[in-house]
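I opened the model to look up a few places in the chain. My notes follow.

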Amino acid sequence: MRNITPRTPVALLLLALMIWSPITAQAALIQVNMTTDAVDVDPQDGACDSDPMMAGLQCTLRAAIMTAEANDEADRVVIPQGFIISLNLAGDGDASIGDLDITTEIEVAGFDINPPADPGDLPLINAFGMNDRIFDVFNGQLTVRGLRFQGGNPEFRGGAINVSGNSSGQLEVHFSDFQLNQASRGGAIALSGFTNLLVEDSNFLRNDSLIAEGAAIFLQSQSTATIRRSSFVDNRGAGGNFASTIGIFSSGAIRIENSTLDGAEQVPPTPGRSSGNGISTDESALDLEIVNSTVTRFSNYALRLDSIDSSSRFRVSHSILSGDDDGCLTDGPDQFAADGLIEYTLLNSETDCGTYLSAGGSLGVMPDLGNLTQDAAPRLTFARPPSGLDSNVVERGFLPGNPLLAPPDIDCLNEDQRGNPRPQDANADGDARCDLGAVEEGPPQAFVVDYFELDLLDSNPGDGQCTTLIVPGVGSVCTLRAAVMETNALPGLQRILFEPSDIPAVLTQPAGAGASGGDLNITDALAIEGRLDNGRPVTVIENQVTGQRLFTLEAGAEDVFLRNMDMFGGQLGTGAGGAIALVSGEATLRRLSLRNHFGGAGGGAVAVFGGRLEIEDSDLFNNNTLGSGAAVVINAGELSITNTSIRGHLGLLADGNPATSVVALQDTELALIN
């Protein structure tokens with residue numbers, strides 16, 4: 001076994017789980033080739049065969065488990081894709097009757113390396129005809145990979161799989177699906193004793209607990225669990241307000257990452273059962289971590305922490321907790337002494353959890369989420385993604401990697417439920433922050449400027465393509481002007497990027513309507529991002545038309561971002577803002593070089609006529625005017641200039657006096673920082 005160094009108390013409890021060794025090279029490989037339920041006639045002979053009278057091996061799943069149990073090796077049992085295995089040999093005993101008992105180390109797999117493109121091709125194991133669970137692990141180590149479990153229905157705990165033991169009971173679940181299983185507790189999986197569970201990339205749908213806690217998973221005593229990139233949908237329990245999808249009782253420890261727990265009913269209600277709570281606990285010695293997860297649509301609470309006190313520890317970060325009563329409940333005679341922290345998390349409401357709500361939390365708002373949808377095949381999971389890039393859960397986390405903002409154990413994770421990287425800067429503002437919840441939204445697809453020599457128009461704005469008329473010898477290309485015309489014609493936030501180029505992108509079109517001529521009018525949310533080399537902009541934009549600036553920003557209430565560009569040549573003889581003018585909306589100029597521009601009426605480089613403009617990490621030099629503000633003038637609105645150099649401006653006023661570099665007129669707001 002290999003060792004790891006735990007970072008947190010919950011990791012200490014999960015140590016036994018995380019140090020498992022893979023199946024060794026000496027493991028026996030057992031190939032199931034029969035869908036019937038029959039025993040191995042001689043498990044000790046090492047051959048999986050339920051009928052030696054037939055030619056070849058007649059290897060059922062039950063016979064395979066009996067064979068694996070009979071030797072001292074770590075065995076691998078493989079079930080072909082598309083198999084449907086029905087277990088019907090009811091009774092109590094070892095693996096030869098009733099549920100399949102595991103006391104050694106066994107892996108049962110439905111695929112070898114990659115899952116099938118259609119999740120419906122994963123082997124299905126059902127126990128509808130047996131009235132029992134499927135696997136019972138006692139001081140054994142079971143790994144299941146690429147399987148579907150249905151119909152488990154034992155008298156007690158663990159509808160599909162039960163794990164118990166004094167120190168070595170361990171279960172790994174990878175890329176598997178649990179549906180329509182039920183038990184007294186742990187409709188799909190139950191653990192008790194000093195046992196450990198790892199669940200990854202799996203789905204739990206419509207499993208039931210007949211008492212209360214743990215309609216999908218139930219942990220008891222000293223059991224521990226780690227759940228990653230998995231989904232739990234419409235799992236229901238009896239017990240009214242105490243029903244839960246994941247239940248923890250008596251000193252359990254659990255860490256949930258990048259997972260969706262959703263209580264919305266997918267089929268008609270079952271009398272006496274409900275999806276009351278997402279996660280519930282009824283213990284004091286709790287150790288709970290929830291990171292980058294979405295827990296919503298539960299009739300009571302997303303997170304219910306009962307009976308907590310000074311021995312309880314819980315952490316919630318970058319998550320969404322939303323329930324019909326509250327997103328979170330804490331309770332107990334000494335509940336406010338618990339070691340608890342909730343940060344960068346949205347709670348629609350709370351009962352006493354607010355005591356633990358720290359930096360970056362949102363309280364009293366409903367999450368802007370879309371419909372529950374299945375993740376793209378071959379994934380099995382379901383997610384409720386943000387409703388759009390303006391959702392109140394998008395870009396609401398902190399910049400990753402800063403331990404002063406978040407302890408490492410609950411820092412934003414580097415991938416989401418679907419395996420996509422975090423963070424992705426969905427709002428394209430240049431500061432990539434993690435989204436709250438299980439799903440990370442990516443920025444909109446970019447239009448890439450790949451032609452610089454000629455200032456050509458887009459051939460059909462609004463068709464989703466940045467394409468000009470065919471250039472002889474080159475073909476159809478994407479120019480900066482064509483890209484701006486296209487993005488103006490499309491709704492919502494768009495992006496423009498650039499291929500590397502040693503020559504400037506030239507603006508040569510005479511004045512025209514919108515972005516089709518003269519300056520580039522931006523009328524909707526847009527991020528234009530040039531290229532950097534050693535932190536300096538190397539994408540060059542050059543204006544060659546007398547009487548025109550480069551950009552006019554009039555996007556209403558939308559955001560515009562211009563980054564990483566070297567701009568020169570604006571020649572606005574009678575107006576203000578030789579390079580850029582903000583008319584409306586909010587705009588951010590970052591890492592721009594603005595040089596050799598002329599704004600005759602003021603603002604040699606930049607003019608603000610309304611809205612809010614932020615200039616950051618930029619260099620403004622050698623710009624000129626005959627009016628106010630050789631570099632920048634603000635006529636109306638707000639202006640903030642941060643970490644920026646303003647130098648070499650030699651404008652002269654009409655009376656012969658030198659022009660001030662930055663001028664803020666009456667009733668405007670100006671901030672100069674660093």
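I looked up Glu 586 and found a relative accessible area of 43%, so Glu 586 is partly exposed (buried is under 20%, exposed over 50%, partly exposed in between; 1.4 Å probe, protein chains only). Glu 586 lies in strand β48, residues 580–595. I take helices (H or I, at least four residues) and strands (E, at least two) as DSSP runs, numbered from the N terminus. With Asp 390, Glu 558 and Asp 559, Glu 586 forms a negative surface patch. Patch residues have over 30% relative accessible area and no salt bridge, with like charges joined within 9 Å. A salt bridge here is a Lys or Arg side-chain nitrogen within 4 Å of an Asp or Glu carboxyl oxygen.

**Ground rules**

I am working on a predicted model: local features need pLDDT of at least 70, side-chain atom pairs pLDDT 80 or more, while totals for chains, interfaces and linings use all residues. Residues are numbered from 1 along each chain as its sequence is written, and side-chain values use heavy atoms, without hydrogens and water.

**Leu 205**

Next I checked Leu 205, in strand β16 (residues 203–205). Its relative accessibility is 14%, so Leu 205 counts as buried. Beyond four places in sequence, its contacts include Phe 178, Leu 180 and Val 233 (contact: heavy atoms within 4.5 Å). Its C-alpha is 9.0 Å from that of Asn 181, 24 residues apart along the chain.

**Helix α3 and the chain**

I then turned to α3, residues 61–70, where 9 of 10 residues are buried. Among them are Arg 62 and Glu 69. The chain has 4 helices and 58 strands. Of its 674 residues, 58% are buried.

Key
Patch = residues over 30% accessible without salt bridge, like charges linked within 9 Å, V, L, I, M, F, W, Y side chains within 5 Å. Areas by Shrake-Rupley, 256 points an atom, 1.4 Å probe, with all protein chains shown as cover. Lys, Arg positive; Asp, Glu negative; His and termini not counted. Charge placed at Lys NZ, Arg CZ, Asp CG, Glu CD.
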